[in-house]
Amino acid sequence: MSELKRAIINTDRAPQPIGAYSQAIRTAPGELLFIAGQVAVDLEGDPVGIGDVAAQTKQVFENLRGVLEGVGANFSNVVEFTTYVVGRDSVRGFIEGRTEVFPTIFPDGDFPPNTLLVIDGLVREEFLVEVSAVAVLP
């Protein structure tokens with residue numbers, strides 16, 4: 001795979017990010033990969049971290065990693081996340097889990113944009129976090 005051109009955009013003409021995300025990413029043309037929302041299940045489909053938002057968040061990012069690796073990509077190819085958490089109380093656990101995994105998956109601190117939505121529920125009651133992603137493949 002050729003090198004992906006990816007530029008993080010954080011302009012002073014808009015409010016600065018209030019968390020681990022960027023305002024935007026600019027990328028050279030490439031093939032887009034749309035990753036379906038991932039929830040906290042292991043490879044056997046069993047729930048992980050029931051009642052523990054941070055543990056579920058870590059599993060979700062592990063699942064995203066698996067999809068990316070399945071097409072020969074990694075987190076540096078990701079240009080956008082959309083995150084769903086169940087209830088406002090889940091935001092803190094999501095941030096804790098993300099804070100634990102982001103230094104290893106984004107060691108340069110160049111985080112993709114992320115839209116975080118607080119919702120009433122996901123497809124199954126035990127799921128508290130779901131994250132979808134868009135990646136650009138060179």
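This is a predicted model: local features need pLDDT of at least 70, side-chain atom pairs count only at pLDDT 80 or more; totals for chains, interfaces and linings use all residues.
Strands of a sheet pair through backbone hydrogen bonds, in either a parallel or an antiparallel manner. In this model, four strands form an open sheet in the order E3-E6-E4-E5, and the pairing is mixed. Strand E3 (31-38) and strand E5 (114-119) stand at the edges; each has a single partner strand, so one side of each is left without a neighbour in the sheet. From one strand to the next, the twist averages 10°.

Strand E3 is joined by six bridges to strand E6 (residues 129-137), and the two run antiparallel. Glutamine 38 stands opposite valine 131 in E6.

The helices come next. Helix H2 lies across strand E4 (78-86), E5 and E6, and runs at about 145° to E4.

Two packed helices are described by the angle between their axes and the distance between the axes. Helix H1 (residues 53-70) packs with helix H2 (residues 90-105) at an angle of about 45°, and their axes are 7 Å apart. H1 and H2 are therefore oblique to each other. Their crossing is right-handed. On the H1 side, the contact is made by Val53, Ala54, Thr57, Lys58, Phe61 and Arg65. The residues that H2 contributes include Gly93, Phe94, Gly97, Val101 and Ile105. By class, the contact of H1 with H2 has seven nonpolar, four polar and five charged residues.

Methods. Residues are numbered from 1 along each chain as its sequence is written. Side-chain values use heavy atoms; hydrogens and water are left out. Axes are lines fitted to C-alpha atoms, for helices over the stretch in contact, and angles run from 0 to 180 degrees between N-to-C directions. Angles under 35 degrees count as roughly parallel, over 145 as roughly antiparallel, 65 to 115 as roughly perpendicular and the rest as oblique. A crossing is left-handed if the near helix is turned anticlockwise from the far one by less than a right angle, and right-handed if clockwise. Contact means heavy atoms within 4.5 Å. Ala, Val, Leu, Ile, Met, Phe, Trp, Tyr, Cys and Pro count as nonpolar, Asp, Glu, Lys and Arg as charged, and the others, Gly among them, as polar. Two strands pair if DSSP finds at least two bridges between them.
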